[in-house]
Amino acid sequence: PRQLSQLIEKLIKDTGPQRKLASSGVVDVVARSVGPEHTVHVRAVGLRNGLLALEVDSAARLQEMEFSRRQVLANIKNDPEAPRVIRLKFKIGRWEK
């Protein structure tokens, strides 16, 4: 039963908002904007009305990203391929290890 729920969750992620974000280029913009040391620990989970929601994999990473919020937002705004982003929201998410 647990494996089935994990498969369903992965299927939803692969066909839902994550896929839309990847196809719109937001995933690549986030990867460039957070820096190589954070790329595998931060992922975009939503973009609506200029609010970009990002998930991080730990409380420590959340604190780091909150501290770097201004720089990450500036990096996104300066990226010519980035969509219109005016705010960032960070939260701890569930990650497959």
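Colleague: Which residues of α5 do Val 29, Ser 33 and Val 34 in α3 meet?

Modeller: This is a predicted model, where local features need pLDDT of at least 70, side-chain atom pairs count only at pLDDT 80 or more, and totals for chains, interfaces and linings use all residues. Residues are numbered from 1 along each chain as its sequence is written, and side-chain values use heavy atoms, leaving out hydrogens and water. Helices (H or I, at least four residues) and strands (E, at least two) are DSSP runs numbered from the N terminus, and contact means heavy atoms within 4.5 Å. On that basis, the three α3 residues meet Val 72, Asn 75 and Ile 76.

Colleague: How are the axes of α3 and α5 angled, parallel, antiparallel, perpendicular or oblique?

Modeller: Axes are lines fitted to C-alpha atoms, for helices over the stretch in contact, with angles from 0 to 180 degrees between N-to-C directions. Those of α3 (residues 26–34) and α5 (residues 69–78) come within 8 Å and cross at roughly 130°. Under 35 degrees is roughly parallel, over 145 roughly antiparallel, 65 to 115 roughly perpendicular and the rest oblique, so α3 relative to α5 is oblique.

Colleague: Which side chain does Arg 32 meet in a salt bridge?

Modeller: Look for a side-chain nitrogen of Lys or Arg within 4 Å of a carboxyl oxygen of Asp or Glu. Arg 32 sits in helix α3, and its partner, 49 residues apart, lies in the loop between α5 and β3 (87–92). At 3.5 Å, N to O, that partner is Glu 81.
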